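Dear colleague,

I am handing over the structure that follows, and below it you will find a short account of what was found. Please read the two side by side.

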Amino acid sequence: MDINVKKEDIVSALNITLGVVEKRQTLPILANVLFEVDENSFKLTATDLESEVTTSGSLLSIESVGKITTSAKKLNELCRLIPDGEEIRLSLKSNKLNIKTKNGKYSLSTLPSADFPVFDIDSGDNPLVIPSKDLQELIKNTSFAMGNQDWRHYLNGLFISIGDGQITAVSTDAHRLAVANLPINSEHSFSGIIPRKSINEMAKFLSDQPGDAELKINDSSLELSVGNLIFKSKLIDGKFPDYQQVIPSGESSMLEINVKDFSETLSRVSVLSSEKYKGIRLITSSDGVRISANNPEQEEAEEFFPASFKGEELDIAFNVTYLQEIMSHIQTDTCHINFFGSDKSCLLTTPDGDSPKYVVMPLLI
């Protein structure tokens with residue numbers, strides 16, 4: 001292997017791999033990136049055994065092809081700190097990856113490419129083609145409610161269901177639930193749970209790449225192709241809860257709020273909420289809602305928020321963080337909060353009531 005590359009090209013490719021590289025690896029080679037060179041480009045691959053990302057970049061010149069693995073972190077830091085616009089020469093000699101610039105030379109230890117784990121999954125042949133922006137929006141509107149290291153492993157990911165001409169994304173940590181739909185022109189049928197880490201990486205990749213994304217998915221794995229990037233992931237083996245049963249229905253009281261103003265009010269009142277429970281109390285009336293909070297230091301906050309309210313008045317409490325996160329993902333100016341009783345979950349919807357939908361369980365007052 002002996003090539004010349006532009007600093008910006010290799011740094012851009014390395015940045016893509018860093019999120020997948022295993023931070024607390026059981027195998028030393030998992031901290032490495034697989035560096036492959038052919039006649040036309042260089043290719044970088046990283047894996048943590050559960051997911052894998054591959055990306056490529058252009059060459060300025062090439063003397064010889066080859067492949068090797070080396071520390072992703074060290075190679076990235078070295079290349080990143082080289083002055084912008086410089087040409088970098090990378091060559092392999094005596095099991096060292098040599099890096100040469102205008103004024104410097106460096107050498108990194110390597111491990112054989114033959115020892116790099118092969119991510120062998122069959123994610124199907126017929127890709128589902130979706131605009132990257134739409135898929136990223138679907139993930140963004142739901143993934144924040146995923147579980148985080150929950151003992152119920154099936155909650156630590158995003159449930160995806162494909163069928164009836166749409167993709168439905170659902171996440172829950174058992175305290176709140178997020179559901180969103182995306183219409184598609186496809187006869188694909190599928191359901192499965194994508195792990196939390198993989199979803200976060202997919203969202204990052206999709207935000208950086210314009211155009212269409214290709215998604216291949218089966219019962220155990222997925223493959224996402226966008227731009228010059230290919231991302232693969234295993235799926236969580238488990239059954240996702242029947243989320244439809246969690247979405248409240250029937251007769252409700254409805255509070256119509258301005259999202260921005262309501263969020264700002266919550267922020268002010270929550271300053272004096274309990275650090276542990278982050279609870280805020282809502283007492284509705286015909287002309288709005290009274291929002292209050294207190295903490296163990298006997299500090300209190302209260303603010304009246306004028307709004308349209310229809311239905312039976314009630315007194316209910318919520319974790320303010322859950323409400324705030326939902327407010328930050330609603331893109332309409334107004335939002336409907338539907339109440340079904342002071343001890344039951346509430347349903348938050350946009351004015352059209354279709355997608356996205358959010359459910360939040362109350363706190364005991």
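The protein has six helices and 26 strands, where helices (H or I, at least four residues) and strands (E, at least two) are DSSP runs, numbered from the N terminus. This is a predicted model, in which local features need pLDDT of at least 70 and side-chain atom pairs count only at pLDDT 80 or more, while totals for chains, interfaces and linings use all residues. Residues are numbered from 1 along each chain as its sequence is written, and side-chain values use heavy atoms, with hydrogens and water left out.

As for the overall dimensions, the C-alpha trace spans about 75 × 50 × 35 Å along the principal axes of the protein. Of the 365 residues, 51% count as buried, a term that means under 20% relative accessible area, with exposed being over 50% and partly exposed in between (1.4 Å probe, protein chains only). Among the contacts (heavy atoms within 4.5 Å) with a separation of 6 or more, 66% come from residues 24 or more positions apart. The side chains include 35 positive and 52 negative ones, and the centres of the two sets lie 9 Å apart; Lys and Arg count as positive and Asp and Glu as negative, with His and the chain ends not counted, and the charge is placed at NZ of Lys, CZ of Arg, CG of Asp or CD of Glu.

Nine strands form an open sheet in the order 14-11-12-13-26-25-24-18-22, with antiparallel pairing; two strands pair if DSSP finds at least two bridges between them. Strand 14 (190–195) and strand 22 (308–310) are the edge strands, each pairing on one side only, and the twist averages 15° from one strand to the next. Angles run from 0 to 180 degrees between N-to-C directions, and axes are lines fitted to C-alpha atoms, for helices over the stretch in contact.

Strand 11 is mostly covered, five of its seven residues being buried. With strand 14 it pairs in the antiparallel sense over six bridges, and L158 stands opposite I194 in strand 14. Five bridges join strand 11 to strand 12 (residues 166–172), again running antiparallel, with I160 and A169 as bridge partners. Strand 11 and strand 12 form a hairpin with two residues between them, and D164 in the turn has a positive phi of about 55°.

S355 and P356 are joined by a cis peptide bond with omega of about -5°, and P356 lies in the loop between strand 25 and strand 26. S94 has a positive phi near 50° although it is not glycine; this residue sits in the loop between strand 7 (87–93) and strand 8 (96–100), and S94 counts as exposed because its relative accessibility is 65%.

With best wishes
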